[in-house]
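Me: I want to learn how to read aromatic contacts in a structure. Can you take me through one?

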Amino acid sequence: MPYLILLTFLLNLSFTPEAEEIHIRINQVGYLPEDSKVAVVFSKAAVRENFLLVDVETGKTVLDIKAVKLKKDAWGGFLYWEVDFSGFRDEGEYVLKGKKSGITSGSFLISSKAYSGYQETLLEFMRQQRCGYNPTLDMVCHQKDGRAFFGPMPDSTYVDLSGGWHDAGDQLKYLITSSYATAHLLMAYEMYPDRFEDRVNAMGQPGANGIPDILDEAKWGLDWIHKMHPAPDQLFHQVADDRDHRGFKIPNQDNADYGWGENSYRVGYFATGRPQGLSKYQSEATGVANLAGRSAAAMALAARIWDRDLKDPVFAEKCKRAAISLYQLGRDKEGFQQGNSYGAPYRYNEETWADDMEWGAGELYKLTQESKYLEQAKSYALQSNTADSWTVRDSAAHYQLYPFINMGHFSLHELVDEDFKKTLERYYKDGIDYTMKRAQKNPFHIGVPFIWCSNNLLTSLATQVILYEKMSGDKQFEPFLASQRDWLFGKNPWGSSMFTGIPEGGEFPVEVHTAPYVLLGMEVPGGLVDGPVYTSIYNNLLGLTLWKPDKFAAFQNEHVVYHDDVGDYSTNEPTMDGTAGAILMIVHFGRE
């Protein structure tokens with residue numbers, strides 16, 4: 001009998017994981033006191049211990065928490081547990097610690113100020129993406145943008161399309177993404193006008209100028225949209241193409257050649273509403289309303305803000321005229337314009353447009369009080385129902401259902417009667433409900449499909465929950481919202497934040513797919529990287545080779561992969577529109 005007892009003890013011991021084999025994943029930034037606060041613990045073997053919440057300053061245990069086993073898909077062959085300390089609200093700095101193993105998480109805050117100021121960090125990354133004068137690099141680039149193609153003017157005619165933002169780690173410029181980024185920044189400011197600081201001037205250089213930095217950044221986008229819309233019936237949609245992709249280069253030393261020599265003129269694509277392409281690959285297009293509608297929304301928002309808050313009636317009137325002409329251009333050419341590629345099959349495949357026209361019409365009604373815009377906004381809203389959203393699909397082509405949230409529903413909501421309000425709320429809720437069903441299948445409770453730019457989907461889903469709550473007053477999805485946010489800051493298989501430099505001292509993307517890092521060693525904080533993709537997508541991408549051994553190899557799994565590696569352009573390239581699209585979510589949690 002003593003032998004059997006000893007054998008049983010040894011068997012149990014052999015299946016108790018060592019401390020280094022237990023992994024704790026928390027939100028590295030932290031939690032607001034009222035937040036749902038749930039950590040994930042995983043291991044290859046059973047975890048038979050409680051977890052302690054320990055105050056970093058005093059070293060005292062403030063909570064002893066039982067880990068609850070999850071019956072979810074065992075990503076990577078791991079077993080998963082949740083450690084829930086939602087009921088604890090005392091502000092401070094804490095760690096979670098295994099009661100027997102001693103395994104300890106990184107430290108995190110519980111504080112009403114946990115997210116305060118991070119919106120300014122995201123704006124710092126946006127300034128790094130500026131084309132023309134770049135304040136981060138203190139240089140001027142791409143002053144010869146661009147030479148027109150497909151427009152009413154002869155091909156190769158020079159048109160001033162300088163300025164704007166570089167799209168990602170490359171140096172292309174798209175109205176597709178820039179129009180959304182600009183409008184999102186303006187809506188975030190209009191919703192939370194008192195939460196933005198004034199640290200830089202209009203050029204992005206240190207020194208206050210009496211204007212919140214978010215509006216300085218939005219104006220950088222607005223000025224470029226004005227250039228892309230040089231006449232009431234004219235609209236350009238893209239500068240440069242994948243001929244840009246000739247390795248990493250500093251912007252003012254661009255080695256790309258579009259037929260006029262290196263570091264010279266670049267092609268400017270005119271929005272015709274028809275398929276385009278200068279080489280093998282042709283885009284699809286049926287109109288220009290996607291670009292025109294959300295550009296009109298940005299201009300209408302700007303007209304209100306510059307008139308009301310900045311007391312600049314001249315610029316406000318310029319934006320108002322542009323909003324009206326852009327929207328009319330969308331009315332005249334309903335349909336979508338996609339991005340153009342040259343020598344590669346990858347492009348922005350946007351196929352929706354009614355959502356953008358709804359947004360533009362709603363903002364124009366607020367600006368002009370002309371009833372036709374309200375009636376048209378309602379009509380477009382009914383066309384742009386839940387079926388137009390990625391949230392009720394399990395997959396989609398790259399940027400097929402862009403923007404990844406219909407901001408028009410929120411814009412329109414305050415303008416309509418109670419029945420129509422309920423319709424708009426239902427559109428948001430249907431998408432949230434569907435993503436929650438998907439989230440129930442994985443241990444991190446994440447609701448997005450892991451297609452390319454999954455982090456953009458995640459910040460958009462979080463924004464949709466925030467806007468739905470503001471529209472309806474329904475707060476039932478707050479734990480779900482917290483799970484989406486927490487994934488972005490480290491509660492994921494890799495334990496990594498998805499924003500460069502956030503939080504300071506944490507685990508975050510460093511070896512990002514950008515020229516400033518590769519060539520200059522610059523680590524610019526605030527950039528949202530593309531994020532994890534399905535393993536099946538990763539395995540089929542062209543020209544993708546990791547530069548270093550995978551530090552996250554133990555945590556990759558059959559479902560999703562993520563690499564903090566310069567060579568992985570699919571998961572570790574920060575994007576301009578993804579970063580801009582996270583601003584509203586960040587400032588929402590930045591409340592004090």
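Me: How many aromatic pairs does a search of the whole structure find?

Reply: This is a predicted model. The search of the whole structure finds 41 aromatic pairs.

Me: Which parts of the chain does the pair link?

Reply: Distant ones, 107 residues apart. Tyr-158 is in the loop between strand 12 (145–149) and strand 13 (173–174). Tyr-265 is in the loop between strand 14 (236–239) and strand 15 (266–270).

Me: Is Tyr-158 buried, exposed or partly exposed? And Tyr-265?

Reply: Buried needs under 20% relative accessible area, and exposed needs over 50%. Tyr-158 has 37%, so it is partly exposed. Tyr-265 has 22%, so Tyr-265 is partly exposed too.

Me: Which residues form an aromatic cluster?

Reply: One cluster includes Phe-42, Trp-75, Phe-78, Tyr-80 and Trp-487. Phe-78 also has a charge over its ring: Lys-44 lies over the face, at 4.5 Å from the ring centre.

Me: Where does the charged end of Arg-243 sit?

Reply: Over the ring of Tyr-342, 3.8 Å from its centre.

Me: What is the mean pLDDT of the chain?

Reply: The mean is 94, and 96% of residues reach 70 or more. Over residues 1–16, though, pLDDT is below 50. Beyond near neighbours in sequence, that stretch has five contacts in the model. Where pLDDT is low, the predicted coordinates should not be read in detail.

Note on methods: Residues are numbered from 1 along each chain as its sequence is written. This is a predicted model: local features need pLDDT of at least 70, side-chain atom pairs count only at pLDDT 80 or more; totals for chains, interfaces and linings use all residues. Side-chain values use heavy atoms; hydrogens and water are left out. pLDDT is the predictor's confidence in each residue, from 0 to 100. Contact means heavy atoms within 4.5 Å. Rings of Phe, Tyr and Trp (its six-membered ring) pair if their centres lie within 6.5 Å; planes under 30 degrees apart count as stacked, over 60 as edge-to-face and the rest as tilted. Helices (H or I, at least four residues) and strands (E, at least two) are DSSP runs, numbered from the N terminus. Buried means under 20% relative accessible area, exposed over 50%, partly exposed in between (1.4 Å probe, protein chains only). A charge sits over a ring if NZ of Lys or CZ of Arg is within 6 Å of the ring centre and within 35 degrees of the ring normal.
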